[in-house]
Amino acid sequence: LVVSFLPLRYRYVAKQELFSVPGFGWQLWMAGHLGVRRGDKESAARLFARSKRVLSRGVSILYFAEGTRSTTLEVGPFKSGAFQLAVASGVAVLPVVVAGTSTALPKHSWRFTERSFCFLEILDPVDPAGHTVESLRDTVRAAIAERKKALEIESRERVDRDRAVFFSRPYRANTASTCSSLPLRPPARRRAALARASASFG
């Protein structure tokens, strides 16, 4: 959801199993996103070739470089696939930092658990010229890890401030005054429409 705000034309890389999820997987396929089977070298080779074709059309490719979601706020080790593609194609890497999402939607869950302030920040591009795959990967990871640490702190502080404001609001025990504003009866126009509908079925 957060990466949908990126102001870019892009396709992202996802594990092949997600393409089999009813509804969600069909959308991935129709949008032209790229699937890969983990641990399958032939699948990785097909992804590499297809990714180069996508880049040649001026469309960016979004990699989730850790390959999975972390259970902590720390940035995990990066896979090398995105950086192999960048070095081979001579295309700059645009690091994207996402913070504040771990408390909103924990790993292995589809349930939003608590109020969160999420950040998405685009860092300066990193030119692959003069880099090996490993040095490019480590440079990008270090930049993301440093910025993510600061954004996670800011996210938690904003949540704490918001919670303090919420609990400091005076509680009003007069339920009559709060309930009186509720639309307990539909407007006249809607009541007339409902009456006509019920008459037609009567």
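Predicted model: local features only at pLDDT ≥ 70, side-chain atom pairs only at ≥ 80, totals over all residues.
Two strands count as paired when DSSP finds at least two bridges between them.

Now the overall layout. The protein has six helices and five strands. Reading from the N terminus, the order of elements is β-α-β-α-β-α-β-β-α-α-α. There are 202 residues in the protein, and 24% of them are buried. Of the contacts between residues at least 6 apart in sequence, 59% link residues at least 24 apart.

Next, the other sheet arrangement. In what order do the three strands of the open sheet lie? The order is β2-β1-β3, and the pairing is parallel. The edges are β2, residues 34-36, and β3, residues 60-62, each of which pairs on one side only. From one strand to the next, the twist averages 25°. Strand β1, residues 10-15, is paired with β3 in the parallel sense over three bridges. Within that pairing, Tyr12 is found opposite Leu62 of β3. As background, strands of a sheet pair through backbone hydrogen bonds, and they do so either parallel or antiparallel.

Val91 sits in the loop between α3, residues 81-89, and β4. Is Val91 buried, exposed or partly exposed? Its relative accessible area is 34%; buried would need under 20% and exposed over 50%, so Val91 is partly exposed. Apart from neighbours within four places in sequence, Val91 contacts Leu55, Ala86 and Pro128. Val91 and Pro125 are 34 residues apart along the chain, and their C-alpha atoms are separated by 9.8 Å.

Last, a pocket. The second largest pocket holds about 160 Å³ of space. What lines the second largest pocket? The residues are Leu73, Glu74, Val75, Arg141, Ala145, Lys148, Lys149, Glu152 and Ile153. By class, that lining has four nonpolar and five charged residues, with no polar ones.

Definitions and conventions
Residues numbered from 1 in each chain as written. Heavy atoms only, no water. Helix = DSSP H or I, 4+ residues; strand = E, 2+ residues; numbered from the N terminus. Axes fitted to C-alpha atoms, helices over the stretch in contact; angles between N-to-C directions. 1 Å grid on protein atoms, 1.4 Å probe; cavity = no way out; pocket = protein on both sides within 12 Å on 5 of 7 lines; lining within 4 Å. Points joined across faces, edges and corners; volume = space filled by probe spheres on them. Nonpolar A, V, L, I, M, F, W, Y, C, P; charged D, E, K, R; others polar. Buried < 20%, exposed > 50% of the residue type's maximum accessible area, 1.4 Å probe, protein only. Contact = heavy atoms within 4.5 Å.
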